[in-house]
Amino acid sequence: MTFAEIGVIVLPVFGLVGLGFLASRFGLVGDRVGDGLGDFVNVIGIPLLIFRTVGTAHFPDQSPWPLWFAYFGGVIVAWALGTLIATRVFGRSRTEGVIAGACASFSNTVMVGVPLIVSAYGEAGALPLFMLISVHLPVMMVTGTLLTERAARLDRGAAEPFDLARVLKRILRNLITNALVIALAAGALWRMTGLPLTGVPRTVIDQLASAAVPCALFALGIGLKRYGLFGEFRIAAALSVVKLLVMPAFVLVLAHFVFGLTPLWTAVLTVTAGCPSGVNAYLFAVRFDTAHGTASNSIGLSTALAGFTMVLLFNAVVQFG
């Protein structure tokens, strides 16, 4: 794959992000438009895309465990590095350190990962991606919430016992009402029935699913204006380097050399690992009322830089094909 061919994949994706940012910056659309598009993407568009893929595609006879181990091995490294950068280099609290770790490891799989993978690899690439998404949100949300709860208690010097059951109950409630989780379960159930997905229902699903990708990218561009780029520039830049370059490098090594995954699966994992920071890192900051600037600036800066680093990642994975 030449740089020109890589550019054909990457430029339209981040071009739509740029158009969304410019439209918001010059007042052509307001923040409410971005919120509405984001709701459509997260509640309808991407869930239908997941449902269609899981419910109708042919899954290879291959265990997902090597895929999960390769990816989350990179997550562990990136989260640890992000936490150390925040606490040891910038002198932030334990809670801010955990949130910084989330910024360095929590990929924007929906708004950026899905459009990139579908554009580059089509349905074949969507399969391993959705296998990853099936556990990505639960694992990251449970880990992030537990680590942040513990860090917040240590920062406060709290002496009361940690109520693990209460925290897990809240996490479970959030997960079972999440549209992505519901779509994965519904797709699996439909697949078990053996029924075809055809006719008018398939046409409607295809049309809504096809709108998800451009809407996701345009909404992300609108969100960039809200998140900002320069309030916590130094720490956001350091975390962005970990997120965009260090994490995908570790995932690439684990996927190719340690677990021997196919070139396609290796490419999908590496590109997904190199996606910019996801909004869930900011939700952690809001939930615990700390590190808002670190989280928002990491999301904004990593998204702005990802258009350039993705060219490097696509070129890297080609070398291992």
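This is a predicted model: local features need pLDDT of at least 70, side-chain atom pairs count only at pLDDT 80 or more; totals for chains, interfaces and linings use all residues.
Residues are numbered from 1 along each chain as its sequence is written, and side-chain values use heavy atoms, with hydrogens and water left out. Local features need pLDDT of at least 70 and side-chain atom pairs count only at pLDDT 80 or more, whereas totals for chains, interfaces and linings use all residues.

Helices are DSSP runs (H or I, at least four residues), numbered from the N terminus. The axes of α9 (residues 233-258) and α10 (residues 263-273) come within 8 Å and cross at roughly 160°, where axes are lines fitted to C-alpha atoms over the stretch in contact and angles run from 0 to 180 degrees between N-to-C directions. The two helices, α9 and α10, are therefore roughly antiparallel to each other, a term that applies to angles over 145 degrees. In α9, Lys243, Met247, Pro248, Val251, Leu252, Ala255 and His256 meet Thr266, Leu269, Thr270, Thr272 and Ala273 of α10, contact meaning heavy atoms within 4.5 Å.

For α5 (residues 109-156) and α6 (residues 164-176), the axes come within 11 Å and cross at roughly 145°. The contact is made by Leu137, Pro138, Met141, Val142, Thr145, Leu146 and Glu149 of α5 together with Leu164, Arg166, Val167, Leu168, Arg170, Ile171 and Leu175 of α6.

Leucine 48 lies in helix α2 (residues 31-56). Its neighbours within four places in sequence left aside, leucine 48 is in contact with Ile205, Leu208 and Ala209; the C-alpha atoms of leucine 48 and isoleucine 205 are separated by 6.3 Å, although these residues are 157 residues apart along the chain.

Methods
Angles under 35 degrees count as roughly parallel, over 145 as roughly antiparallel, 65 to 115 as roughly perpendicular and the rest as oblique.
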